[in-house]
Amino acid sequence: MSRFLLLPVASIFAAVLLLPHSVRGDSEPEHSAEQIKFFETEIKPILVKHCFKCHGANGAPKGGLSLTSRSGLLQGGDTGPSVLLESPGDSILLEAVNYASYEMPPSGKLPQAMIDVLTKWVEIGLPWTPGDEIAHVESEKHGPPPVNDETKQFWSFRPVVRPEVPSHPGDHWVRTPIDAFVLKSLDAAELRPAPPATKTALLRRAYYDLIGLPPSPEQVQDYLSDASPDAFERVVDALLESPHYGERWGRHWLDLVRYAETNSYERDGAKPFVWRYRDYVIRSFNDDKPYDQFVKEQIAGDELPTVTSDSIIATGYYRLGIWQDEPVDAHQELFEDLDDLVRTTGEVFLGITVGCARCHDHKLDPLPQTDYYGMLAFFRNVKRFGERSHESVLANSVRTLGTDESVERYERLIREHREETEENRKALGNLDRRIKADLVGVENDEWQAEQARIDIARTRIGKILSQKDFDRYVALTAERDQLRQFRPPGNEQALCVTEHGPTAHPTHVLIRGNAHVEGELVEPHFPSVLSPPSPNIISPGDSVNSTGRRLALARWLSSADNPLTARVMVNRIWHYHFGRGIVRSTSDFGFQGTAPTHPALLDWLASDFIDGGWRLKRLHKLIMLSSTYQMSSQPNEQALAKDPINNLMWRFDMRRLSAEEIRDSILAVDGSLNREKMYGPSVYVSIPEEVLAGQSRPGAGWGQSSPEDRARRSLYIHVKRSLVVPMMASFDGADTDASCPIRFVTTQPTQALGMLNSDFVNEQAAVFAKYLIANAGSRIHDQVALGLRRVTQREPTTEEIARGTRLVETLEHKYKLSTEAALKQFCVTALNLNEFMYID
C-alpha cells in the first residue's frame with residue numbers, strides 16, 4: 001500500500017486504474033458487433049467526459065496511463081494491473097469508481113448507472129472498436145454540448161424501456177416492484193430498510209399526502225381498531241375518492257404552472273375568471289383524468305377534435321404568468337411573454353431548461369438556440385394577454401362557455417339588450433334635453449340626482465310636457481333601470497388562449513434574444529437531442545381560428561414515445577410523496593441535473609404509468625402500498641454513515657407541513673374549517689394593516705370576505721403577486737413569478753414569532769379553546785386531553801396531559817388569567833408542537 005501513497009496526487013488515477021495485463025494474448029480478442037456498439041454508445045462517452053482531462057492524448061498522460069486505446073488501457077500506468085479480466089470483481093478499477101478503496105474520478109463519484117455500465121464492460125472483456133484510437137480533440141472540446149449520437153445517449157434522452165424487476169426470493173419486505181428495486185440498491189450497500197412506521201404515523205402520513213388535512217380522532221380510532229390486512233389499502237382508497245384529494249394535488253400542479261390571480265408589476269391588476277383554471281385542475285385530479293389528456297387540454301384545448309368548456313378553461317395555462325400592462329417596448333415584451341411559455345412548458349412537461357437557449361446555445365445541455373425558437377414557434381401565433389381588439393382589452397383572453405346553442409342564445413340576448421339599451425338612451429335623452437333646457441337656479445343642481453328627475457319633470461306638465469310625454473318619461477326611466485339590472489342567464493366566462501388566425505407569424509432566431517434583431521427563419525420543431533419526429537401540424541378547420549401548431553406540440557408531449565414526459569411526471573409524484581424525487585432536480589433532467597438514485601425504478605414507474613393509462617390515482621396507490629413508503633423515519637448509525645442524505649431510500653424522511661397545510665390544519669383541529677364549500681371565486685382573508693401599507697396603493701385589490709369564506713381552505717385564498725398572505729410567505733409558499741417545482745424548507749425566526757403572536761393564530765386559539773370547553777366538559781384535564789388528541793392525532797400520555805393541565809392552572813393562579821384565557825394559551829402552545837408541524 002505504501003507505494004501508492006508515495007505517488008503524486010495527480011498520478012493516483014493512473015496508479016489505480018490501469019496496469020499492464022499479464023496475459024498479452026487477451027489484448028486483441030474478438031468482440032461481437034453488439035459489444036462494439038456497447039463500447040461506442042455507453043463506455044466511450046464516459047471515458048471522454050470523465051477521464052480524458054488527465055488521461056487523454058494531449059501531452060503525457062498522468063501516471064503514465066493513457067485511456068485513448070485498448071492497448072494503452074491494458075498496458076496501464078506506473079503501478080501494475082488494475083483490471084483483471086480473469087477475475088473482474090477483483091479489479092482495482094471497479095473498487096476505485098465505487099469509492100471502495102480509492103476515489104476515482106477525484107472530482108466526484110460517478111452516478112451508479114455509469115458505474116454499472118463500467119462494471120459490465122470489465123466483465124465482458126473490455127470490448128473496444130478494433131484499431132480505434134480516440135482522437136485527442138474529443139477530450140478538448142469546449143463550449144456548448146453538441147447534438148450528436150453521444151449526447152443523445154444521455155440517460156433521460158433515451159427512450160423509456162421497461163426494465164426487469166429484481167428478484168428477491170423469500171424476502172417478505174418486498175410487497176411491490178418498487179420495493180424490489182429499492183432493496184437491490186440497499187443490498188448492494190449492505191444496508192437494510194428501516195422498520196415499519198407505527199399505524200398512527202402511517203395514517204397521518206397518508207392523510208396529509210393525499211388530502212392535506214389531518215385525520216380526526218374518530219378516524220384514527222377506526223383505523224387502529226381495524227386489524228384486517230387490507231385496512232391501510234381501504235384508507236388509501238377512501239382518501240383517493242375524497243373531493244379533498246383534488247384540492248391537495250391541485251395545489252402541487254398550481255405551483256408548477258406559476259398560478260396567480262394578478263399580473264404583477266406596479267398595478268398588479270386582477271386576471272379575470274382565472275379561478276376557473278384552478279377549479280379545472282381540482283376537478284381533473286378528482287376525476288383521475290389521464291395525464292396525457294390533462295396535458296393536451298392545457299396546451300391545445302381549443303384545437304382538440306372535441307372542444308369542451310373544460311378544455312377551453314384549461315388553456316388558461318397560457319395566461320397565468322406575469323404581464324406588463326405598460327411596456328416600454330411592446331414588441332420586446334411580446335417575446336418576454338413567449339419566453340415565459342417556452343420556459344414553463346419545457347420545465348414542467350419535459351424537465352429541461354430550454355429557456356437557457358434563448359440568447360445563445362445552451363451552455364450546459366445539448367439544446368441549440370434554434371431548438372429554443374423551434375419551440376417558441378408553436379406559440380408564436382398566440383395573442384398576448386390584454387392585447388386590445390376592436391371589442392375590448394379582454395376580448396382576446398376571455399371566452400364565453402357553453403354549447404353552440406347556448407352560446408348563440410347568450411349572444412342573441414346580449415345583442416338584443418344592447419339594441420334596447422341604445423333605443424332607451426335615445427328616447428330618454430330626447431326628453432331629458434327638453435326638460436334640462438327649461439331648468440332654472442337650483443334645479444340644475446337637483447337634476448344631477450337621477451332619482452329627482454321624475455319630480456322635476458312632473459312640474460313641467462302642461463308647460464313643455466304633455467301628460468302623455470310625462471307618462472312616457474316615467475316608463476322610459478323604469479325601463480332604463482330594468483335594463484341596467486339585466487344579467488344574461490346560462491353562460492359563464494373563462495380566461496383562455498386565442499390566436500391571431502390560421503396563418504402564423506414567422507419565427508426567427510433573435511440575435512442575443514433581441515426582438516429587433518432577427519436571424520434565420522425557424523419552423524416549429526421539437527428539441528433535436530430527443531430524436532423526435534417532425535411535427536404533424538394539421539389545420540383544426542375553418543371553425544377554429546388557429547394554426548394547429550399547439551395541438552401538434554400537445555400530441556408529442558403526451559406521446560408514449562416521448563422519453564421525458566412520463567419520467568418527469570412519475571418523478572414529481574415520487575417527490576411529493578417522499579419529499580425528494582428519484583431525480584432530485586425535478587425540473588432539470590439535463591446534464592447538470594442530479595442523476596437518478598434509482599434509474600431502473602424510474603424507468604419501470606414511467607413505463608408502468610403509460611401502460612396503466614397515465615392514471616395518477618393508480619400510481620399513488622402503487623407507491624403507498626409499498627414497504628418503501630410505509631417505512632419509519634427511524635435512523636441507524638450504519639446507514640447514516642454510508643448514506644447520510646438517504647439517497648438509497650433506507651428510511652422515510654420526515655417533513656414539515658407546507659404553509660397551506662399548517663393553516664388548514666389549525667382550522668381543522670379547532671373545528672372551524674369550512675371544508676364543504678369548494679370551487680368558485682377566491683376569498684380574501686384578513687391581512688394586518690401594516691402589511692397592506694407596504695403596497696404602492698395600500699389595500700388596493702384586497703377585499704373582505706365573510707367569516708364563513710375566510711375559513712375555507714388556503715387553496716381558495718386570492719393569490720395576489722404583490723401582496724402575499726403573511727403565513728404563506730413565512731412558511732415558504734410557492735414563488736408565483738415562475739414555475740415552482742420544489743418548495744425549499746427554511747427555518748427562520750418569523751415562523752416561530754408568527755405562530756406565537758400573529759392575529760390569526762391567537763384568534764384560532766381562542767376558537768379552539770371554545771371548542772374544547774363545548775366538547776370536553778368543564779374539567780381542565782379533559783379539555784387538555786381532547787386538545788392534544790386533536791393536535792397530535794394520537795392518544796396523549798398521562799404525563800403530557802398533566803403537563804398541559806399544570807400550564808393552564810399556573811396561568812390561572814400565578815398570572816391571574818381567566819380559565820378561558822389560560823386555555824387559549826395552552827391552545828397556542830399545542831399548535832406550536834413539533835408533532836403538529838411535522839410528518840413522521
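Here are some questions about this structure, each with its answer.

This is a predicted model, in which local features need pLDDT of at least 70 and side-chain atom pairs count only at pLDDT 80 or more, while totals for chains, interfaces and linings use all residues. Residues are numbered from 1 along each chain as its sequence is written, and side-chain values use heavy atoms, with hydrogens and water left out.

Q: How many helices and strands does the protein chain have?
A: There are 36 helices and six strands. Both are DSSP runs numbered from the N terminus: helices are H or I with at least four residues, strands are E with at least two.

Q: Why is Trp249 called buried?
A: Buried means under 20% relative accessible area, exposed over 50%, and partly exposed in between (1.4 Å probe, protein chains only). Trp249 has 1% relative accessibility, so Trp249 counts as buried. Tyr576, at 12%, counts as buried too. Across the protein chain, buried residues make up 52% of the 840 residues.

Q: What makes Trp249 and Tyr576 an edge-to-face aromatic pair?
A: Rings of Phe, Tyr and Trp (its six-membered ring) pair if their centres lie within 6.5 Å; planes under 30 degrees apart count as stacked, over 60 as edge-to-face and the rest as tilted. A search of the whole structure finds 35 aromatic pairs. In this one, the centres are 5.8 Å apart and the planes make an angle of 85°, which is edge-to-face. Trp249 lies in helix H12 (residues 243–256) and Tyr576 in helix H23 (residues 565–578), so the pair ties together parts 327 residues apart in sequence.

Q: Why is the pair of Phe578 and Phe652 called tilted?
A: The ring centres are 5.7 Å apart and the planes are at 45°, so the pair is tilted. Phe578 belongs to helix H23 and Phe652 to the loop between helix H26 (637–642) and strand E5 (655–656), 74 residues apart. Phe578 is buried at 4% relative accessibility, and Phe652 is buried at 3%.

Q: What makes a set of residues a nonpolar core?
A: The members are buried Ala, Val, Leu, Ile, Met, Phe, Trp, Tyr and Cys residues joined through side-chain atoms within 4.5 Å. The largest such core has 135 residues, and those with the most contacts inside it are Trp253, Tyr277 and Leu605. A second, separate core of 43 residues includes Ile687, Phe731, Ala776 and Phe826.
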